[in-house]
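Subject: Structure handover

Hi,

Here is the structure I promised. Please load it first, then read the notes below.

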Amino acid sequence: MKRRLLGTSELEITPVGIGTAPIGSLPGVWWVNWGTQDEHDAVRAIHAALDAGVNWIDTAPFYGWGRAEEIVRRALRGRDDVLVFTKCGTLRRDDGEDYMDLRPATVRADVEASLRRLGRDHVDVLQPHDPDPHVPIEETWGAVLELVAEGKVRAGGLSNHRPDEIERALSVGPVASLQHQYSALVRDVEADILPLAQERGLGVIVWAPLASGFLTDGFDPRELDEGDFRRTHRFADLDLSELYEELRRDGGSVTAGALGFVLRHPAVTGAIVGVRNESEGAALASLA
């Protein structure tokens with residue numbers, strides 16, 4: 001696959017990357033339940049995607065409260081050629097709910113914990129996971145840039161932040177990339193985030209380009225595990241037949257059409273696609 005330069009960084013990434021939120025699924029531990037995930041299947045899925053040519057993985061401490069990062073460590077043992085992007089700032093309350101804490105000391109502690117779980121001495125991109133309304137973005141971004149200067153992070157990106165927060169971070173120092181939800185079903189970022197990224201030369205990584213599975217061939221939420229959050233997702237009651245036909249015309253299949261939709265936008269650098277088994281991993285590169 002042809003690689004694309006990620007914004008202002010020196011990182012070149014394939015158009016699709018491996019998403020790890022689904023493989024972090026651990027019913028009873030993490031409230032975002034994707035159904036039971038076997039760790040061996042997850043490792044095989046990652047290996048298959050890498051062997052097919054994908055060169056980056058997106059993960060986060062939030063995904064299974066560290067489980068996804070630990071699985072990534074197992075999968076990448078002996079593979080130093082893979083780019084690893086992670087996030088910071090999402091912490092867990094005693095009741096299992098989460099909250100954001102992007103104070104500089106928390107950012108640093110979160111990164112140190114991620115490095116231990118990942119078994120690496122640096123991550124390639126660090127992204128504050130969501131805005132923290134209680135901490136000025138200038139303080140958070142200063143901490144991210146300190147970690148870049150120390151060599152623990154190669155580049156900093158922002159995940160799910162508003163345009164004004166992005167501009168404020170840029171006033172402190174370089175922002176390599178933005179990460180936002182974008183799909184044929186969720187197009188809000190076309191109004192402000194994508195134009196801003198183009199204007200400022202920022203890379204854009206999109207999450208949920210396949211709408212958590214709803215924009216894939218043969219997807220039926222009624223066949224999911226009983227506790228899977230997608231059974232009651234806001235898309236579950238939509239009639240998507242017309243959109244499916246449009247995507248099939250564009251890409252030959254719903255899945256390929258949906259991925260092509262986001263990757264055709266000139267602001268988009270790469271799309272995160274979750275894989276849970278070997279066949280999904282092997283098919284990932286062919287979709288780009």
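Start with the end of a helix. Val-172 touches Glu-138, Trp-141, Gly-142 and Leu-145, leaving aside residues up to four places away in sequence. Keep in mind that this is a predicted model. Val-172 belongs to helix α5, which covers residues 163–172. Its relative accessible area is 36%, so Val-172 counts as partly exposed, between the 20% and 50% cut-offs.

Next, the barrel. It is closed by 8 strands in the order β3-β4-β5-β8-β9-β10-β11-β12, with parallel pairing. On average, neighbouring strands are turned by 30 degrees against each other, direction ignored. Ile-57 stands opposite Val-84 in β5. Helix α3 (residues 104–118) lies across β5 and β8 (123–128) and runs at about 140 degrees to β5.

Last, a helix pair. The axes of α1 (residues 39–51) and α2 (residues 67–75) come within 9 Å and cross at roughly 60 degrees. That angle falls in neither the parallel range (under 35) nor the perpendicular one (65 to 115), so α1 and α2 are oblique to each other. The crossing is right-handed. On the α1 side, the contact is made by Glu-39, His-40, Ala-42, Val-43, Ile-46 and His-47. α2 contributes Arg-67, Ile-71, Val-72, Arg-74 and Ala-75. These contact residues divide into 6 nonpolar, 2 polar and 3 charged.

Best wishes

Definitions and conventions: Residues numbered from 1 in each chain as written. Predicted model: local features only at pLDDT ≥ 70, side-chain atom pairs only at ≥ 80, totals over all residues. Heavy atoms only, no water. Helix = DSSP H or I, 4+ residues; strand = E, 2+ residues; numbered from the N terminus. Buried < 20%, exposed > 50% of the residue type's maximum accessible area, 1.4 Å probe, protein only. Contact = heavy atoms within 4.5 Å. Axes fitted to C-alpha atoms, helices over the stretch in contact; angles between N-to-C directions. Parallel < 35°, antiparallel > 145°, perpendicular 65-115°, else oblique. Left-handed = near helix turned anticlockwise from the far one by under 90°. Nonpolar A, V, L, I, M, F, W, Y, C, P; charged D, E, K, R; others polar. Pairing = 2+ DSSP bridges.
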